[in-house]
Amino acid sequence: MNDPVRPLPRTDEFDTQEFWAGTKEKEFRYQQCRNCDTVIFYARRHCTGCVDGDLEWKIASGRATLYTYSVVRQSYHPFFRNQVPYAVAWIDLEEGPRILSNVVGVSDPLKDIHIGMRLELEWEEHDALCIPLFRPSTESS
Amino acid sequence: MSQKRDAAIVGIHEYPSRDVEGEVSPLQIKAESAAIALADAGLTWSDVDAIYDAGEGGGMAGLTMAEYFGLSPRVINTTNVGGSSYEYHAAHASRDIKAGKARVALLTYGSTAHSNARAIGVGGRGGASMHPAENMDAYAGMTLIANYAMVAHRHMHEYGTTSEQLAEISVATRMHAMRNPEAVKAMEDLEFLDIRETTIADVVNSRMIADPLHLLECCMISDGGGAVVIAAPEVARNCKKPPVWILGSGEATKYPMNGGDITTSAAAQSGPLAFAEAGVTPAEIDVAMIYDSFSITVLALLEDLGFCPKGEGGRWVEGGRLRFDRPSDGPALNTDGGGLSSNHPGMRGIFLLLEATRQLRGESTAQVADAKLAIAHGNGGMLGSRHAAGTIILGSD
């Protein structure tokens, strides 16, 4: 029997397929409207800021800040039950998108994670796509 | 002041069992509750001309529930916004009655979440669906509790809120639950380990489920259900029980926004709408039935509804302020024991209307002396991401 794996997104979902296609190239793609500058994330075909939107795809730098998080101690999910304790977080990318992800690359998630900390993107590789995760920034601030 | 008297809650029933041991269906809970609520009002099936249903009994709920009940309603409303659905139903029933489209509205809920062994709180919300937002979120392994815990963490970071302050909410609701025989029975049936009034130390020393939320800050997972009958004034005046008037309502939604403030919920929009329509202020409210999925839910909602300024909720709830026997300090919280200590079958909003009605009739087991005004605020979906808020202001004659 195979080990349980992280639940992976579908690559054929109409709105988000371009984002997930980008992860294969290790690009964090997001949309911005040329008309009204609104940053759209998660991806959609329409601009949420104006009705004559003109969306363009951009690539985020991967530099980010931790907005808030929780360390999960208990999960019944077949994959995540073996990951506890692990950190889920809302993360603000420098360019504006806020994404739900995990903070990884810390020795103790109970001690080494704090709101406001600088993060950087890390890709977890899978066959059809990569999953965007975040680790503490190695850049000096 | 002349307040609206357009529609009133005239009949209620709360299904007593929280553990039906798989021997009763959600549909049966809905119908049994409906019959008893109609009898409570002195009405019968043939009086009902409008049904409101969140669809938990199955697909095409407006059609299939009409048949199941054996009704021919002229109004069908199947709004589903999770746990706040019943506040929306009450608001919509009030509007439909005022517009002359309905005279007697029936709201029902039934769930066997406990019997089904649904892991609502810590189950994987994994498995990508075809909704784009789900397709972005599922990989991170966010449990329901972690979603709310992230609100609590940010609230602590911004305002200095402590776990001890959040624990006040669990302590107050447990105190109220211990006075409610149905809540005590619920805790027995669901095999709570230590059924008694709790202290702040009990709460903060209970097991951490998702930082910073402890076990005793999380609602139970029960079976249950209930029914509410709402009627036009000319019907309400002739019912068996005194009418509980729907004085005002508000609805709002919130979802993740780039750069948004996770500590402020949609209640900040729905609350002022409801208070303005009712022509009352938070300071006048005697009973606050606030959706207590978790401790932080109540704290954020109390602030957003205007009981205290944003960020001051932690200090505001200190010292047992929310107890039913301290009416001079502001409203009593969740006097039935709430989702934390009485029942939570998945969508708790109907129980907020039920206990608020009991209070305004003088029928609560933790009765607030001379209660005249109550608020019922439902939060459906998830506080830390996308949720719907429904606020109802209720008043007795």
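Which residue stands opposite B:Ala376 in β12(B)? B:Ile392 does. The legends below begin with that sheet.

This is a predicted model, in which local features need pLDDT of at least 70 and side-chain atom pairs count only at pLDDT 80 or more, while totals for chains, interfaces and linings use all residues. Residues are numbered from 1 along each chain as its sequence is written, chains are lettered from A in the order in which they are written, and side-chain values use heavy atoms, with hydrogens and water left out.

**View 1. The sheet of chain B has 10 strands.** The sheet is open, and its pairing is mixed. Its order is β3-β2-β4-β7-β1-β8-β12-β11-β9-β10. Strands are DSSP runs of E with at least two residues, helices are runs of H or I with at least four, and both are numbered from the N terminus. Two strands pair if DSSP finds at least two bridges between them. β3 (75-77) and β10 (332-333) of chain B are the edge strands, each pairing on one side only. β11 (373-381) and β12 (387-396) of chain B are antiparallel and share nine bridges.

**View 2. Chain A holds an open sheet of three strands.** The order is β2-β1-β3, with antiparallel pairing. β2 (39-40) and β3 (55-59) of chain A each have a single partner strand, so one side of each is left without a neighbour in the sheet. Five bridges join β1 (29-33) of chain A to β3(A). Within β3(A), A:Glu56 is the bridge partner of A:Gln32. Helix α1 (17-24) of chain A packs on this sheet and touches β1 and β3 of chain A. Contact here means heavy atoms within 4.5 Å. The direction of α1 makes about 135° with that of β1(A); axes are lines fitted to C-alpha atoms, for helices over the stretch in contact, and angles run from 0 to 180 degrees between N-to-C directions. In total, chain A has one helix and eight strands.

**View 3. Chain B meets chain A.** In this interface, 42 residues of chain B contact 42 residues of chain A. The buried area is about 3500 Å², and carbon and sulfur atoms give 60% of that. Buried area is the accessible area (1.4 Å probe) that two parts lose on being put together, summed over both. On the chain B side, B:Met136, B:Tyr139 and B:Asn258 lose the most area to chain A, together 23% of what that side buries.

**View 4. One salt bridge links chain B and chain A.** The partners are B:Asp211 and A:Arg73, with their closest N and O atoms 2.7 Å apart. A salt bridge puts a side-chain nitrogen of Lys or Arg within 4 Å of a carboxyl oxygen of Asp or Glu. α4 (132-137), α5 (144-159) and β5 (208-210) of chain B each supply at least two residues of the side that touches chain A. The largest share, seven residues, comes from α5(B).

**View 5. Two peptide bonds are cis, and one residue has a positive phi.** Most residues other than glycine have a negative phi, and most peptide bonds are trans. A cis bond joins A:Phe41 and A:Tyr42, with omega about 10°. A:Tyr42 is in the loop between β2 and β3 of chain A. The bond from B:Asp211 to B:Pro212 is also cis, with omega near 0°. B:Pro212 lies in the loop between β5 and β6 (213-214) of chain B. B:Met60 is not a glycine, yet its phi is positive, about 45°. The loop between β2 (50-52) and α2 (61-69) of chain B holds B:Met60.
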